[in-house]
Structure formats: C-alpha cells, structure tokens
Amino acid sequence: MPVEEFVAGWISGALGLVLGHPFDTVKVRLQTQTTYRGIFDCVVKTYRHESLLGFFKGMSFPIASIAVVNSVLFGVYSNTLLALTATSHQERRAQPPSYAHVFLAGCTGGFVQVYCLAPFDLIKVRLQNQTEPRARPGSPPPRYRGPVHCAVSICQEEGPRGLFRGAWALMLRDTPTLGIYFVTYEWLCRQSTPEGQSPSSASVLVAGGFAGIVSWAVATPLDVIKSRMQMAGLKHRVYRGVLDCMASSVRQEGLGVFFRGLTINSARAFPVNAVTFLSYEYLLRWWG
Ligand SMILES: C[N+](C)(C)CCCC[C@H](N)C(=O)O
C-alpha cells in the first residue's frame, strides 16, 4: 500500500488548516451562537474581546489531528482508486479513472476519516465556542482549559461516547460530499489540462479551491446540524437525533438556519483547499 499518499495528505492538510482556522472560528460562532449580527460583527467582537489570538483558539489540536484525518482521507482515497482501477497516482494522468470510480473512492475516504475526525472536531467546536477573553487574575477560568482537559472532562461528564456526539451528522455530511470534492477537483483539472499531461500549478490551485467551495456548499446544512449536536447538552438543549435537531432548528429559526456559515465556509474553503491540493500534488511529484 503506497504510504506517500498518507504523508502528503498529512502535510498538505496541516498547511491548509492554519490558513483557514480564523475563518473556521468565525463560522462555528455564527452557527452556534445568536449574539452576532453577521460575519463582520463577529470578527470585530472577537478581535475586541479576545485580540487576534481569539481567531486561533482551538488550533493546536486540529493541527495535530489533521495529521491523522487528512492522511486517512487522501491515503484511503488514493488506495481505493488503486484497488478500483489498478493505476497508481503517477499513472493516473495517462489513464484517467472514471468519475464514478473517483466518486466512490472519495466517499470511501470520507466515510473512513469520520471515525478519526469526530472526537477531534467535537473538541475543536467546544473550544472555539468559549468566548471568554484570555484568563485575567480574578476572572473565572473557562470551562475547558485546553484540548486535553476538554477531552478528559467530556469523558468524565458524558462518558467516552460523549466524544462522538454528532458523529452521525458528520458521517452524513462527509461521505457524499467528499465524493463530490474529488470529482470536482478531477473534473476541473481535466478541463484545463491537455490530455495525458499533469495539471499546472494554477490549474491545481483553482480546481482545489473550487472543489472546496462546491463540497462545502453542499455540506453546510449538515454542518450546522453537526455543530449543534456537538454543542448540545452544554446549552441545556437536547436533541433526540439528527432529524430532531433539524426539525427543532427549523421550527425556531426558519429554513435559513441551514445556510448559516455558508459565506464564511466558502471564503475559507478556497484558500484552504487550493493549498491542500497544490502541496499534495507537489509532494507526490517530488517523491514520484
Ligand atoms: C466534505 N467537506 C466539505 C465537509 C470537507 C471537504 C474539505 C476538507 C478540507 N480539509 C477543509 O477543511 O476544507
């Protein structure tokens, strides 16, 4: 099983992540709190109360976890394609796989990575939602002091299963949308590249960026539900499941609730995924 794909997935995921984390913090806050009037208001308030550091809350942990998650995603994707089409990454430009195979491999990668992503993502969301400014002497400490403390507290208060709250919604969000992600990427690369050749850096950047936007646009409704389920319990709101969370969110806030964070998700998705795919392709070419 070629391991380069796993390593390339890890490094490229980490690079993309740092670039996108401030967007991600604003998104999570807009999706789960009702105190902000919009993106601009959230950015200004976060900066005022918490300084620039506020945007990078909860990042150290995703950086470590993206090592696992992105490497599983890209590793499983590429190795599934290898099993389906009997072509390695290097051979795929000369013998392009069908879109059905790309979709299937993407869904498989998405499905498998959910098991690693679920606990990391839940901890990230909980830490990002702590809006207290940095600890000042005398002020009450935030509920979670950091990722490890957060994980331990959840295990103690809610049991280890607490770490997997919202995992169903995450699976429903990621399995089809990661299929769409890789199909969009492949399609755009092929549109802008003469047959049999490797895509240029510009093509990879644009195709990766749009793959991110398209897949996030489709994923946003379930992303909202996922984040809410991960926060539930803490805010005395309890949902019986994915459908119950959807129904009660729509009842209280209207259909628009499914599009919360769509703009910011798209704005984040372009640079993050452009850089992720560019570094992934380059690393594999170097090692090729
Ligand atoms: C499938 N879904 C849209 C949820 C994610 C696809 C992009 C994944 C990338 N690591 C990112 O954070 O943007």
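This is a predicted model: local features need pLDDT of at least 70, side-chain atom pairs count only at pLDDT 80 or more; totals for chains, interfaces and linings use all residues.

I looked up the distances to oxygen atoms of the ligand and found 3.0 Å to an N or O atom in the side chain of Asn-273, 2.8 Å to an N or O atom in the side chain of Arg-268, and 2.9 Å to a polar side-chain atom of Trp-216. I then checked the cover, and the protein takes up 90% of the 370 Å² of accessible area that the ligand has on its own.

**Location and shell.** I asked where the ligand sits, and found it in the largest cavity. The elements that give two or more residues to its shell are helix 6 (167-191), helix 7 (201-231) and helix 9 (262-287), and I noted that helix 6 supplies the largest share, with five residues. I listed the residues that surround the ligand, among them Arg-173, Asp-174, Tyr-181, Ser-215 and Val-272. Sorted by class, the shell has five nonpolar, three polar and three charged residues.

**Aromatic pairs.** I counted ring pairs with centres within 6.5 Å, and the total came to 10 aromatic pairs. Phe-74 belongs to helix 3 (residues 60-85) and Phe-277 to helix 9, so their pairing ties together parts that are 203 residues apart in sequence.

Definitions and conventions. Residues are numbered from 1 along each chain as its sequence is written. Side-chain values use heavy atoms; hydrogens and water are left out. A residue is near a molecule or strand if one of its heavy atoms lies within 4 Å of it. A polar contact is a pair of N or O atoms within 3.5 Å; within protein, one must be able to donate a hydrogen and the other to accept it, and residues adjacent in sequence count only if both atoms are side-chain atoms. Accessible areas come from the Shrake-Rupley method with a 1.4 Å probe; for residues, only the protein chains shown count as cover. On a 1 Å grid over the protein atoms alone, a cavity is a set of points where a 1.4 Å probe fits but cannot get out, and a pocket is an open set with protein on both sides within 12 Å along at least five of seven lines; lining residues have an atom within 4 Å of a point. A molecule sits in a cavity or pocket if more than half of its atoms lie within 2 Å of its grid points. Helices (H or I, at least four residues) and strands (E, at least two) are DSSP runs, numbered from the N terminus. Ala, Val, Leu, Ile, Met, Phe, Trp, Tyr, Cys and Pro count as nonpolar, Asp, Glu, Lys and Arg as charged, and the others, Gly among them, as polar. Rings of Phe, Tyr and Trp (its six-membered ring) pair if their centres lie within 6.5 Å; planes under 30 degrees apart count as stacked, over 60 as edge-to-face and the rest as tilted.
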